[in-house]
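Biologist: I would like to learn how to read a structure, one feature at a time. Can we go through one together?
Modeller: Gladly. Here it is.

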Amino acid sequence: MLKELFAKSKKKYATVPLDREKQDVPEGIMTKCTGCKKIMYTKELVKNKKVCLHCGYHHPMSSHERIEFLFDAGTFNEFDKEMISVNPLDFPDYLEKLEKDRKKAKINEAVVTGVGSINGYQVSTAIMDSNFRMGSMGSVVGEKITRAIERAGELKIPFIIFTASGGARMQEGVLSLMQMAKTSAALKIFSNEGGLIISMMTHPTTGGVSASFASLGDINLAEPGALIGFAGRRIIEQTIREELPEDFQTAEFLLKHGQLDAVVKRTEMKETLTTILKIHAPGGEWL
Amino acid sequence: MIYELEFERPITDLRNKIKELKAISKDADVDLTAEIETLEKRLEKLEVDIYNHLKPWDRVQIARHPARPTTLDYIPLLFNDFIEFHGDRYYGDDEAIVSGIAEFNGLAVTVIGHQRGKDTKENIRRNFGMPHPEGYRKALRLMKQAEKFNRPIICFIDTKGAFPGKAAEERGQSEAIAKNLFEMAGLKVPVISIVIGEGGSGGALALGVGDRIFMLENSTYSVISPEGAAALLWKDASQAKRAAETMKITAPDLNRLGVIDEIIPEVRGGAHRDSNLQAEAIKEILKRSFNELLPLNSDDLINQRYMKFKKIGEYEFAKQQPEGEPKEVEQHS
């Protein structure tokens with residue numbers, strides 16, 4: 001049975017156009033790496049935290065997958081799960097799009113927030129999810145993240161944000177823009193109280209999210225290969241009329257230009273975060 | 001001669017006609033006084049009709065008017081003894097942002113604003129008012145300096161957005177903007193931000209985390225330009241006019257959404273028609289704001305500023321929860 005599936009997909013592999021190749025791999029059992037195009041068992045890929053076993057490509061991860069691999073079993077408590085978006089600008093089709101993504105991504109909004117433990121260290125966290133409206137930030141995302149930061153302050157625990165977002169959500173217009181100010185202001189207050197802020201940027205982290213909380217960690221980290229930047233590549237190319245280097249706006253590019261503390265492989269992420277949390281908690285004291 | 005906008009053409013046409021009639025009645029031996037009077041009345045009515053019912057796209061045109069007063073136009077009209085200070089102390093001096101110290105109504109203040117050009121040459125020098133990271137870092141340096149000497153800060157917002165370029169990304173455009181949002185939220189001195197032209201996205205917001213946010217009546221403030229929105233939404237930048245309406249970017253829109261404190265009324269037809277008079281309106285609102293803000297101590301200022309931004313946004317709670325989570329939300333709100 002397995003062999004059959006394998007053979008079938010292999011046969012098709014040579015004949016279909018590149019961008020459709022991925023669909024030919026039987027979903028669930030086998031996955032084709034976006035990076036090196038090699039086919040591997042989904043089970044093994046998931047076991048390796050969705051990092052390709054051959055080329056190290058970091059495949060996108062849903063918020064709940066990230067919670068599962070990063071937080072100690074049974075410690076994650078989600079907050080504000082039922083907070084949902086409204087349509088403040090009466091934007092055409094917005095509510096329908098939200099509904100569609102709620103069904104598709106099985107989450108109510110583009111960020112999951114909560115309190116959980118990483119190797120025993122309790123943190124308040126916000127984990128963005130690019131499966132929902134490209135992880136874009138509207139009023140709900142801004143409010144949930146702001147509450148998660150305030151919660152970190154109340155509980156005197158560190159705040160870790162995992163970003164994955166195309167930027168501000170167009171359909172909420174200037175209200176989305178203002179969420180940048182709101183979240184940044186919450187971080188400033190938390191920071192003044194001595195709170196530790198860690199930003200872990202994952203693919204993609206761009207626009208208004210990149211230009212607010214994602215860049216405001218005491219420690220700014222990123223996953224390998226993640227696209228991180230303010231303006232879109234196409235817009236920059238059109239503006240300056242020059243071709244950009246291939247690695248432009250990747251995590252590695254940012255590291256080279258002094259914009260990141262470190263690039264952290266997902267397979268080493270839990271360990272790295274634990275070490276950082278440990279060093280910031282001398283004698284078990286928080287903040 | 002002030003350059004006319006498309007929606008103003010009926011006014012211009014009528015005005016020209018009146019001028020013609022006046023010329024005729026002067027040269028020829030005919031009395032057209034009655035006709036001229038009728039037309040002048042009609043002109044008055046037409047002006048009211050057009051200028052009191054501006055469409056979003058009309059306001060975009062006014063906000064982008066080449067003759068619209070810029071930061072450097074308002075500074076001499078509002079302040080005494082302005083001295084410009086340059087440079088971010090790390091990389092360079094970004095002329096898309098001007099900053100310095102001055103005196104306002106007997107009060108020492110720091111003034112910071114986006115600066116666009118009025119002609120091609122000046123626009124190249126000012127990079128069309130689109131700052132690089134060093135511009136935002138210069139602004140932040142001046143804000144911190146103001147805080148040290150307990151000077152209130154006045155910011156003029158007038159940019160299409162932060163510059164989208166290779167060098168800007170390499171030097172950390174995102175970080176520069178984010179840092180300004182973060183640090184402005186903690187400033188111990190009053191901050192007043194006024195949108196005087198276009199308020200484009202994060203590049204505008206980086207001067208916009210104030211205790212008071214005002215917009216000139218015909219200015220705009222948005223997450224993306226109408227052209228950008230049209231390209232994204234309908235894959236057609238020529239639909240900008242429609243996007244200007246959909247995106248709700250005008251001063252009355254932002255007032256309704258609860259984002260700004262107040263609209264500063266403009267001279268009929270736009271600020272460019274009388275910058276002196278416009279400056280007077282700005283002066284009044286600055287005086288009033290300082291009267292309200294100066295008595296506050298720094299903790300109250302910071303707290304109220306935070307609450308001001310915290311309440312921006314609209315959301316609700318789903319009636320039923322997908323997976324029976326305990327109701328812990330309310331106590332944390």
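Biologist: Let me start with a helix. Which helix of chain A holds Lys103(A) and Glu99(A), and by about how much of a turn are they separated?
Modeller: Keep in mind that this is a predicted model. Both residues belong to helix H5 of chain A, residues 94-105. They are four residues apart, so about one helical turn separates them.

Biologist: What does a salt bridge between two helices look like?
Modeller: Take Glu47(B) and Arg15(B). Their side chains meet at 2.4 Å, N to O. Glu47(B) lies in helix H2 of chain B and Arg15(B) in helix H1, so the pair ties together parts that are 32 residues apart in sequence. Glu47(B) is buried because its relative accessible area is 11%, under the 20% limit. Arg15(B), at 30%, is partly exposed.

Biologist: Where do Glu198(B) and Lys160(B) lie in chain B?
Modeller: First, the bond itself. Glu198(B) forms a salt bridge with Lys160(B), and the closest N and O atoms are 2.9 Å apart. The pair links distant parts of the chain, 38 residues apart. Glu198(B) is in strand E5, residues 191-200, while Lys160(B) is in the loop between E4 and helix H7 (166-170). Glu198(B) is buried at 12%. Lys160(B) is partly exposed at 44%.

Biologist: Which residues are joined into one network by salt bridges that share partners?
Modeller: The network takes in Asp80(A), Glu143(A), Arg147(A), Glu150(A), Arg151(A), Lys182(A) and Lys310(B). Look at the chain letters. Lys310(B) of chain B meets Glu143(A) of chain A in a salt bridge of 3.3 Å, N to O. Over all chains, the structure holds 47 salt bridges.

Biologist: How many salt bridges are there between chain B and chain A?
Modeller: Three. Now judge the whole interface. The size of an interface is often given as the accessible area lost when the parts come together. Here, about 5,500 Å² is buried between chain B and chain A. Carbon and sulfur atoms give 69% of that area. The contact takes 57 residues from chain B and 61 from chain A.

Biologist: Now the rings. Why is the pair of Phe7(B) and Tyr51(B) edge-to-face?
Modeller: Start with the count: eight aromatic pairs over all chains. In this pair, the ring centres are 6.4 Å apart and the planes stand at 85 degrees, so the pair is edge-to-face. Phe7(B) sits in the segment before helix H1 (9-27), and Tyr51(B) in helix H2 (residues 33-51), 44 residues apart. Phe7(B) is buried, at 15% relative accessible area. Tyr51(B) is buried too, at 7%.

Biologist: What kind of pair do Tyr74(B) and Phe156(B) form?
Modeller: A stacked one, 6.3 Å centre to centre, with 25 degrees between the planes. Tyr74(B) is in helix H4 (residues 71-78) and Phe156(B) in strand E4 (residues 153-159), 82 residues apart. Both are buried.

Biologist: Where does the charged end of Arg242(B) sit?
Modeller: Over the ring of Trp234(B), 3.7 Å from its centre. In chain A, the charged end of Arg151(A) sits over the ring of Phe79(A), 3.9 Å from its centre.

Biologist: Which residues does Gly117(B) touch, leaving out those up to four places away in sequence?
Modeller: Glu122(B), Asn123(B) and Arg126(B). Gly117(B) is in the loop between strand E3 (107-114) and helix H5 (120-125) of chain B. It is buried, at 5% relative accessibility.

Biologist: Last, confidence. What is the average pLDDT of chain B?
Modeller: The average is 93, and 95% of the residues score at least 70. Treat residues 324-333 of chain B separately: pLDDT stays under 50 there. For the complex, the predictor gives an ipTM of 0.92 and a pTM of 0.91.

Terms used. Residues are numbered from 1 along each chain as its sequence is written. Chains are lettered from A and ligands numbered from 1 in the order in which they are written. This is a predicted model: local features need pLDDT of at least 70, side-chain atom pairs count only at pLDDT 80 or more; totals for chains, interfaces and linings use all residues. Side-chain values use heavy atoms; hydrogens and water are left out. pLDDT is the predictor's confidence in each residue, from 0 to 100. Contact means heavy atoms within 4.5 Å. Rings of Phe, Tyr and Trp (its six-membered ring) pair if their centres lie within 6.5 Å; planes under 30 degrees apart count as stacked, over 60 as edge-to-face and the rest as tilted. Buried means under 20% relative accessible area, exposed over 50%, partly exposed in between (1.4 Å probe, protein chains only). A charge sits over a ring if NZ of Lys or CZ of Arg is within 6 Å of the ring centre and within 35 degrees of the ring normal. Buried area is the accessible area (1.4 Å probe) that two parts lose on being put together, summed over both. A salt bridge is a side-chain nitrogen of Lys or Arg within 4 Å of a carboxyl oxygen of Asp or Glu.
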